[in-house]
Amino acid sequence: MELNVRCVVLLAVGLCSTLLLTTVAAHQEEEPIMELAEDMGVEDELEDLGLGEELLDGEVEPEDADTPPGPPPAPKVTYKAPEPMGEHFFAESFDRGTLDSWVLSKAKKEDIDEDIAKYDGKWEVEDMKDSKLPGDKGLVLKSRAKHHAISAQLLRPFIFDTKPLIVQYEVNFQQGIDCGGAYVKLLSQTPDLNLDEFVDKTPYTIMFGPDKCGEDYKLHFIFRHKNPKTGEYEEKHAKKPDADLRTYYTDKKTHLYTLVVNPDNSFEVLVDQTVVNSGNLLTDMTPPINPAAEIEDPDDHKPEDWDERPKIQDPDAVKPEDWDEDAPKQIPDEDAVKPDGWLDDQPEYTSDPDAVKPEDWDEDMDGEWEAPQIPNALCETAPGCGAWQRPMIDNPNYKGKWKAPMIDNPNYQGVWKPRKIANPDFFEDLHPFRMTPFNAVGLELWSMSSDIFFDNFFITNERHTAERWANDGWGLKKAAEGAAEPGLVNQMMTAADERPWLWVVYVLTVAVPLILIIVFFCTGKKAVAPAAADYKKTDEPQPDVKEEEEEKAEEDQVKEEKSQPAAAGKKSDAEDSPAEKEGEGEGEEEEEEEEEEAAVNEEEEEEAATDQKQEDDVLRRSPRNTKGRKD
């Protein structure tokens, strides 16, 4: 009974603890966002960005007394536009709220239906939906299933010389992305460049940025390389990143995309200031920058007598005389015997006697009606029915069709390949970094999703200048978004809504440890009390002690036995009181009863000691028992 009560209590405590933890976590998520920002270090991060405490304004409108309390609003964050500093070629934050420096394309796309050939997709400068920084504006692609094209001139052309190229900008897929891109094109400096006629075939030097369709997540880095011999341009694609890019397209957060191309031909692709792809222009581009020095001769043809067979049949081999090609693969087993009770006269199947010809059966159309066949009931109890035949076994003399053995071909010449000749188009460009200069940046996109947010375009040749611009723009967004992020419980609930199987994981994570604890405490070995305890309800067994304590207890017991005569003498003196002398007869009877009780106690103690030795348990007796044993 006591064990069952303990199990029920443990179960109740476990369930209450789980409920309490969930309630506390939910309550913590409802605390003011300022406390959450302090815990996540957002305030320190804002100070590191050089924006100080003046960016955070924690004033909240007073609530009416009758209004029930609710989650406090997020603190108002004052946005400060990043200011370009240092050497740069282009900087655009859209915080002026206009597209004065940008040009919308008025061209039509070639080789496409007239209905969708126009670049008539709409662009707007506006705040981000669910923005955590009021006043932070950006360029928004507003239309879906349309072609969009917009571009702007650089302050001056970028020339690839001795300094690196750093291109960075921010993207937020506010509605997610089904199929579409958010990449930028660095338009090549050419005499006929007209931003009003910006189309997909407008020459560009570099194309960089995210692109996605279906489950294909891409992060492009493509540059057009000029063949020094022919003057033609060919697109070179960087290898695909090894990192998982899915989160950047689905989390609806602002991400910073950065491309760094160095004069030593190395490159880096970063997302949120973390490298996701890197390599070298000479070795990590497809197709390669430099063609092969030799190619296969297109005019070379394989000779007719070229022998590519490594093995041939031995022409000198002869079929053995005892080789029988006509022998069957299997033969009847001559040792087989028909089982007893085999019904040779009974068919395996018989006509169903209960079957009736359908009324609509037309013998002219359907033919003569026959009852359906059913298994013969007599064959169910017999070894078999019908004509018995010997079972077939493998023929030990079977060899099959004879074939001559294979030997090495003495005329084998190997696999034929065309001869190599010098590549007439060969060249060696050891400095692919020296690309075509560009003097404009553009977005030429087709998207099935709308509300793609672009912000803080920046092109420079100084790494530290780009990092400062990123910290002043994207760094502030990151801090604000981090402060407003939901707590752990909300994130877990959201993830479970998207992936219902996570509920099973949550339940198992809580239930399995709880069940193990309950099983551990409820199914432990229960100590068996000695038989003497049944007679002494007031004497409770004491916990087991260590071996040292057992030895000490035995020494104490020996000392007590030695001092027992002195204690008995003192007690006899104390018993010689006037009251005891008056009832001397009664005292003798009481002494006899005490002696009998002491004898019974000694027998019980001996039985208890025997049980204790058998169970390897040391049972400490109470002081009252000790006194009784002394008497």
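Of the 65 residues that make up the largest nonpolar core of this predicted model, Leu165, Ile206, Phe221, Leu281, Leu443, Phe454 and Ile459 touch the most other members; a nonpolar core here is a set of buried Ala, Val, Leu, Ile, Met, Phe, Trp, Tyr and Cys residues joined through side-chain atoms within 4.5 Å, and buried means under 20% relative accessible area, exposed over 50% and partly exposed in between, with a 1.4 Å probe and protein chains only. Because the model is predicted, local features need pLDDT of at least 70 and side-chain atom pairs count only at pLDDT 80 or more, while totals for chains, interfaces and linings use all residues. Residues are numbered from 1 along each chain as its sequence is written, and side-chain values use heavy atoms, with hydrogens and water left out.

Thr258 belongs to strand 14, residues 255-261, where helices (H or I, at least four residues) and strands (E, at least two) are DSSP runs numbered from the N terminus. Thr258 counts as buried because its relative accessibility is 6%, and, with neighbours within four places in sequence again set aside, Thr258 is in contact with Ile166, Val167, Gln168, Phe208, Glu268, Val269 and Leu270.

Thr286 and Pro287 are joined by a cis peptide bond with an omega of about -10 degrees, and Pro287 lies in the loop between strand 17 (285-286) and strand 18 (294-296). Phe94, in the loop between strand 3 (90-92) and strand 4 (102-104), has a positive phi, near 65 degrees, although Phe94 is not a glycine, and a relative accessible area of 1% makes this residue buried. Gln273, in the loop between strand 15 (266-271) and strand 16 (274-280), likewise is not a glycine and has a positive phi of about 65 degrees, but Gln273 is partly exposed, with a relative accessible area of 39%.

Asp425 lies in the loop between strand 25 (420-422) and strand 26 (438-447) and counts as partly exposed at 48% relative accessibility; Asp425 and Asn227 are 198 residues apart in sequence, with 9.4 Å between their C-alpha atoms, and beyond residues up to four places away in sequence Asp425 touches Lys229 and Pro291. Gly384, in the loop between strand 22 (373-375) and strand 23 (392-394), counts as buried at 11% relative accessibility, and its C-alpha atom is separated by 8.4 Å from that of Pro339, 45 residues apart along the chain. With residues up to four places away in sequence not counted, Gly384 touches Trp342 and Leu343.

The unreviewed UniProt entry places a "transmembrane region" at residues 501-522; such positions are given in the numbering used here, feature names are shortened, and annotations may be inferred rather than shown by experiment. In the model, this span is 95% helix and 0% strand, and its end C-alpha atoms lie 31 Å apart. Leu516 is found in helix 10, residues 502-522, and counts as exposed because its relative accessibility is 57%.

Conventions
Contact = heavy atoms within 4.5 Å.
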